[in-house]
Amino acid sequence: MRKLLKYLKGYEKETVLGPVFKLIEAVFELAVPLVVADIIDDGIRQGDWNAVLVRCLLLVGLAVAGLVFSVIAQYFSAVAAVGFATKLRHALFERVQRFSYSQLDTLGTSALITRMTSDINTVQNGVNMLLRLFLRSPFIVFGAAVLAFVVDPHSALTFVVVIPALFLVVFAIMLVSIPLYEKVQQRLEGVLGATRENLSGARVIRAFCAEEREERSFVEKNKALLFMQKAVGRISALMNPLTYVVINLGIIALLWVGAGQVNGGIITTGAVIALYNYMSQILVELIKMANLVILITKSFASAARVEETLAVEPDTPTLSGGAAGADASGVRFENVALRYSGAGEDSLSEISFSAGPGDMVGVIGGTGSGKTSLMNLIPGFYLPTGGRVLVDGIGTDAWDSVQLRRHIGVVPQKAVLFSGTIRENMLWGDPDADDTAIWKALEVAQAAQVVRDKGGLDAQVEQGGRNFSGGQRQRLTIARALVRAPKILILDDSASALDHATEAALRSAIAGLSPRPLLFVVSQRASSVMYADQILVLEDGVLAGKGTHKELLATCQVYREIYESQFGSEEVTA
């Protein structure tokens with residue numbers, strides 16, 4: 001939590017004024033029992049109703065002044081807490097945006113979402129309540145104890161026993177609760193992950209009639225979360241009854257001693273009432289403090305998780321100006337191997353090939369053969385764990401990541417569009433592109449008619465592009481990549497929803513670009529890669545074959561089997 005305090009910078013005034021105004025309000029509250037004692041002793045007991053009226057007006061004044069100072073204090077505390085959370089959320093989002101693919105895989109999407117939302121909200125509430133009550137409650141507790149000694153030292157000895165007992169209860173429960181709240185957040189991540197997975201894969205779940213299985217799995221995760229929340233809830237729930245027991249025992253002792261003091265003429269009835277009120281104030285404030293401790297406990301657990309994420313240094317290469325003078329020499333893989341973090345074996349091994357500007361390279365293989373892993377190495381999404389990947393003659397580990405990706409257009413397997421207009425989505429490719437460049441990219445991607453039918457570039461795109469069909473989304477994402485006029489274009493199985501005629505028109509249009517990009521086409525369809533200048537055949541992360549369509553039919557058994565499964569053995573002999 002200490003490392004996160006730097007995000008309060010800029011809110012120093014609010015951080016100071018919030019507690020200060022709360023302390024002033026506490027002073028007014030501490031004065032109330034003394035005024036009540038005067039009403040009883042000097043007013044009601046003496047029959048002086050003017051004194052009663054004056055002191056009642058004084059109570060009203062104290063209440064109004066306390067309310068004003070309390071509102072001001074809560075305003076400053078809220079400003080500081082919300083500002084702190086906003087800066088913290090920005091810092092965390094900025095850090096996450098710089099994480100490499102490996103780090104995102106390790107941390108997990110669900111965990112990052114939880115920390116960005118639930119954890120930061122919990123920390124914000126903790127800061128808000130901390131500024132409002134952390135000084136106020138102890139101040140009233142000890143202030144009430146001191147004033148009780150001023151009223152009657154003998155009766156006030158009860159406070160000496162009650163206050164330490166209350167603190168013992170509060171801190172014992174806090175020490176037990178802190179690690180349990182951490183486990184609650186971890187299990188919350190599991191529920192969030194299951195929810196996200198089910199919502200994103202709802203169609204697949206229904207297609208395989210797996211609703212009941214997924215529901216059982218979700219119920220189990222919810223039960224695990226419920227069990228942990230009940231466990232920590234039971235412990236936290238002990239706070240109020242235990243503090244009430246201690247306080248009420250203290251009140252009984254106070255009244256017992258006070259009654260004897262009144263009978264002996266040592267103190268007045270008003271003094272006993274004042275002592276009772278001070279004990280009640282201590283009860284109220286310690287209950288507030290107990291709830292504050294529970295909230296702070298949650299906040300510390302959440303803050304530790306946010307701090308842990310912020311402590312992860314992005315391992316994306318960002319060397320300044322690393323490739324300013326690169327030559328257009330294409331892409332070269334030299335004995336490349338890739339092993340994902342935590343994996344037991346390599347996903348790719350001993351991959352070597354080269355491709356020059358303007359070439360078309362096809363990448364084919366079965367599911368899980370490593371096609372996408374291979375393509376992710378070119379833009380530096382992952383760094384090779386063995387060998388070298390060179391883009392324009394420079395290793396991807398030496399490129400500035402922004403410069404490298406500025407020359408590359410990547411169309412991933414899953415066609416993702418963002419809410420907004422079609423124009424706004426296209427400008428992701430190049431923020432400075434004009435409408436002419438956008439329409440040219442749409443024409444090449446065979447998406448221009450789709451955009452016209454939707455009403456033009458200002459047509460709205462819903463979240464995830466759900467108001468477009470699968471083929472339309474794929475063509476729009478291809479157009480988005482083409483807007484930047486990339487030197488290298490990677491189509492990672494991004495034409496799977498297109499018919500053969502549209503796909504052929506797309507390949508022809510890309511081939512007609514000037515300058516023509518180095519094109520990588522990843523597919524499981526032989527028809528998509530058979531016209532490539534070079535075809536890479538992957539099997540279990542190993543390069544099983546490399547060459548043209550005809551060469552591979554004659555020399556590569558894996559490619560031949562893929563081709564025959566799609567076209568039949570007669571086509572091969574023909």
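Why can we say that strand β3 (residues 360–365) is largely enclosed by the rest of the structure? Count its buried residues: six of the six are buried, so the strand is largely enclosed. Keep in mind that this is a predicted model. "Buried" here means under 20% relative accessible area.

- Met360, Gly362 and Ile364 point one way from β3, and they are buried.
- Val361, Val363 and Gly365 point the other way, and these residues are buried too.

**Who β3 pairs with**
- One partner is strand β10 (residues 518–523), which runs parallel to β3 and joins it over five bridges.
- Look across from valine 363 and you'll find valine 522 in β10.
- Strand β11 (residues 534–539) is also a parallel partner of β3, again over five bridges.
- On that side, isoleucine 364 sits opposite valine 537 of β11.

**The second largest pocket**
- This pocket holds about 360 Å³ of space.
- Its lining is made of 22 residues, and the ones nearest the centre are Ala485, Pro486, Leu513, Pro515 and Pro517.
- Helices get involved as well: α14 (435–444) and α16 (470–483) each give at least two residues to the lining.
- α14 provides the largest share, with four residues.
- Sort the lining by class and you get 14 nonpolar residues, four polar ones and four charged ones.

Conventions
Residues numbered from 1 in each chain as written. Predicted model: local features only at pLDDT ≥ 70, side-chain atom pairs only at ≥ 80, totals over all residues. Heavy atoms only, no water. Buried < 20%, exposed > 50% of the residue type's maximum accessible area, 1.4 Å probe, protein only. Pairing = 2+ DSSP bridges. 1 Å grid on protein atoms, 1.4 Å probe; cavity = no way out; pocket = protein on both sides within 12 Å on 5 of 7 lines; lining within 4 Å. Points joined across faces, edges and corners; volume = space filled by probe spheres on them. Nonpolar A, V, L, I, M, F, W, Y, C, P; charged D, E, K, R; others polar.
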